[in-house]
Amino acid sequence: DVLVVENGGIVQLERRDVDPHPQYYDWRSAIANVDERAEIGPGGVLTGSGRIRFGGPGTPSGTQVLDNSGTIFGSSFGLRIEALGGGTLDLDGDNEQGVITGPGATIVDGPLSDAFSGTIDFSDGGSIRFENEWSIVNADVLLGDGSLQGAPLTAAGLNMQIAGGRCYNGMTVNSGLVDVDGVVNLLGEATYTFAAAAELNLDKASTIRIGDFWADSESTRVTINQSHIDLDGTDGNVELRIGRTDSLTLNVDTIDVSASNDFDGNIMIYSGGNLEVNVAGRWRLDGDLTFRAHDGDEPVRLGGSPLTVVGSMVVENGAHGERIDGQIDSDIVFTPSSVFEIESHSHFDLTGQVTFDGGSLVGDGSITLRESPVITTSTAFGYHTVTLDELDILIPVDESLGFRRVEYEGIISIAGGTTLTQTDHAAIGEGARV
């Protein structure tokens, strides 16, 4: 009825038959029942594969049926821990130092007695899945090639180290640190929120994946609320990927340590993806931003604070020529070194204020400008169609006069075969050379 594992003791569940497909974890192995309460003391270990049940159908609500002050080690074939009746599981034990680790899949099926304050260590692989919502207070979580799955996590005082790990469960981090070294995957039909008192540290990151670009139904939503995040990492080469129907919202003052608030890495947004960058002032794209069609016709979106493009923005068709449409709601300044390319049949709406301070706009796709554009210097237009939607082209002649519709003395080059479409109220000033 009562299981006590003293210091250094080990309880091991053995498989009684060999599952040819252990990845399915159907738990056709050992089953153990502890009717009342189990205690794993410091230095004690509960390990093996199979299913262990604590309590029974008549266990009163709120009764603690497991005290893990030692270690729970899930073997490669998986370990399922269940609380029956009204039982609860104290995974960090009375000493608040319990450990959960192992190379296999550990499933926790039952409510926790209190917030977890111990250590979850899947730095060498393995995974843990919580069937009930759970919380962390001042705990360590190590994810190498491991994963968190199941119900959402609420954390305060979290110390999470991620080096290739995958999160499918969603989380709200109210305070603490999530430190990324290499790759981080925030996945699943889930919401991830990092509060102002939390820190998502990407200094050593290489790749950030938001959602699965091949998933049809899942939508991963990530919101980061903190004063500063170095989005492109210390080396400026972070690759940020936002999958189909997934979104990333940045509510931060700065995204880089530089005064220009620039991003030097690579951003990839797939069909249906959404990126919202809300900073204090402007941000600058020095790297590359690609909108890529993939297995769907959902439009993509970029919005938030004003953006200066120094690098490139590319609207890229799918592998079989699928078009991609999208919308940019931010005010944009294209600089002389910038390139904005839209591949054939794809179309983008630019709803904010667009300033062409040089650069090249190329490709066989099309754009619609919903606000009056400003052209301050020579800009090369190479789209198949540029639509001016009831707009004037405004050219600065004198800062004291502001912008007026006048003759443009620079050069607008339009590639052969390009059509400049005007609606009834669009106008290019008399004498302008186009």
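**Cavity and sheet**

Analyst: About 80 Å³ of space lies in the second largest cavity, a cavity being a set of points on a 1 Å grid over the protein atoms alone where a 1.4 Å probe fits but cannot get out, with points joined across faces, edges and corners and the volume taken as the space filled by probe spheres set on them. This is a predicted model, in which local features need pLDDT of at least 70 and side-chain atom pairs count only at pLDDT 80 or more, while totals for chains, interfaces and linings use all residues. Residues are numbered from 1 along each chain as its sequence is written, and side-chain values use heavy atoms, without hydrogens and water.

User: Which strand gives the most to the lining of the second largest cavity?

Analyst: Lining residues have an atom within 4 Å of a point, and they include Leu200, Leu202, Ile208 and Ile210. Strands are DSSP runs (E, at least two residues), numbered from the N terminus. Strands S20 (176-186), S22 (198-210) and S23 (220-225) each give two or more residues to this lining, and the strand that gives the most, with 4 residues, is S22.

User: Which strands stand at the edges of the open sheet of 6 strands?

Analyst: Two strands pair if DSSP finds at least two bridges between them, and the parallel order here is S26-S29-S32-S35-S38-S41. Each edge strand has a single partner, so one side of each is left without a neighbour in the sheet; these are S26 (262-263) and S41 (374-375).

User: Which residue in S35 stands opposite Thr308?

Analyst: Strand S32 (residues 307-309) and strand S35 (residues 332-334) pair in the parallel sense over 3 bridges. Opposite Thr308, the residue in S35 is Val333.

Terms used
1 Å grid on protein atoms, 1.4 Å probe; cavity = no way out; pocket = protein on both sides within 12 Å on 5 of 7 lines; lining within 4 Å.
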